[in-house]
Amino acid sequence: QRVAEFVAIKIIAAAANDFLIRYEAQKHALALLDHPDIARPHACGMTPGGRPYLVTELVHGMPITQFCDDNKVSLLMRIRLFIQACDAIHHAHLKGVVHGDLKPSNLLVKWGDQGVPTLKVTDFGIAKAMNHSLVAPTGVLRAPAAYLSPEYVAAKGIDARSDIYALGMLLYELLTGRLPIPTPKDAAEHLDEVKRVVCETLVPKPSECLRALPKAQLTGLALNRKVEVATYAELMEEHFDWVVMRALEKRPES
């Protein structure tokens, strides 16, 4: 007896007219993904109006950064959620699948059993089927500039290292409450500026970022993460600076 399942249907912009061809080419790889924290793809096809669509597992939740901030999630729990995301992405990389579009809205979190937050990674395969275009068919930047790796914006192609870069930015935001790279206004219309900012902006270490904040902001961040204000920056310096900066290395060959 088959059990009914709710699904999500994503309709892709009409401009992606060869989306299905590329998506079909990687379906065998996506089918290998078998991880509890990755939303399952089910099917793809074309609407009567000629627009490609995807059918995937329906995932309820909030973007990871919004969930953590709205619920004042502790630093320890933020790290546990981040590790959960890393484990899912690592599984995909072992199967030869790169996400290519990691950002908070593709990492959804909800309250699970016994009041413990749980995470799901969504939208695997869509970026590659979109041919890695920096600008989506809707005319907007595919992700906040900070989450796009230097090799992505320089049109050098993406691989597993681009996912690691995006995870580094995510960890930075979870730790400090902000991204170190600003997104220019009307970014899709100023792609040269986006490329310059992403490829050339020097990223301060998380501990340096915190030490530069006004005392009131630092206190608020520490309280929301349930850490001591006096030792917040030192905690970053001792445990997190190195791993964040390693993930955010500008040169993918390093």
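Predicted model: local features only at pLDDT ≥ 70, side-chain atom pairs only at ≥ 80, totals over all residues.
Local features need pLDDT of at least 70, side-chain atom pairs count only at pLDDT 80 or more, and totals for chains, interfaces and linings use all residues. Residues are numbered from 1 along each chain as its sequence is written, and side-chain values use heavy atoms, with hydrogens and water left out.

**View A. The salt bridge between Lys10 and Asp123.** The structure holds 10 salt bridges (a side-chain nitrogen of Lys or Arg within 4 Å of a carboxyl oxygen of Asp or Glu). In the pair shown, the closest N and O atoms are 3.2 Å apart. Lys10 belongs to strand 1 (residues 7–11), while Asp123 sits in the loop between strand 6 (117–121) and helix 4 (126–129), 113 residues apart. Helices (H or I, at least four residues) and strands (E, at least two) are DSSP runs, numbered from the N terminus.

**View B. The salt bridge between Glu57 and Arg40.** Here the closest N and O atoms are 3.4 Å apart. Glu57 lies in strand 3 (residues 52–57) and Arg40 in the loop between helix 1 (19–30) and strand 2 (41–46), so the pair ties together parts 17 residues apart in sequence. Glu57 is buried, at 12% relative accessibility, whereas Arg40 is partly exposed, at 38%. Buried means under 20% relative accessible area, exposed over 50%, and partly exposed in between (1.4 Å probe, protein chains only).

**View C. The salt bridge between Glu57 and Lys120.** The closest N and O atoms of this pair are 3.1 Å apart. The pair links strand 3, which holds Glu57, with strand 6, which holds Lys120, 63 residues apart. Arg40, Glu57 and Lys120 are linked in a network of salt bridges.
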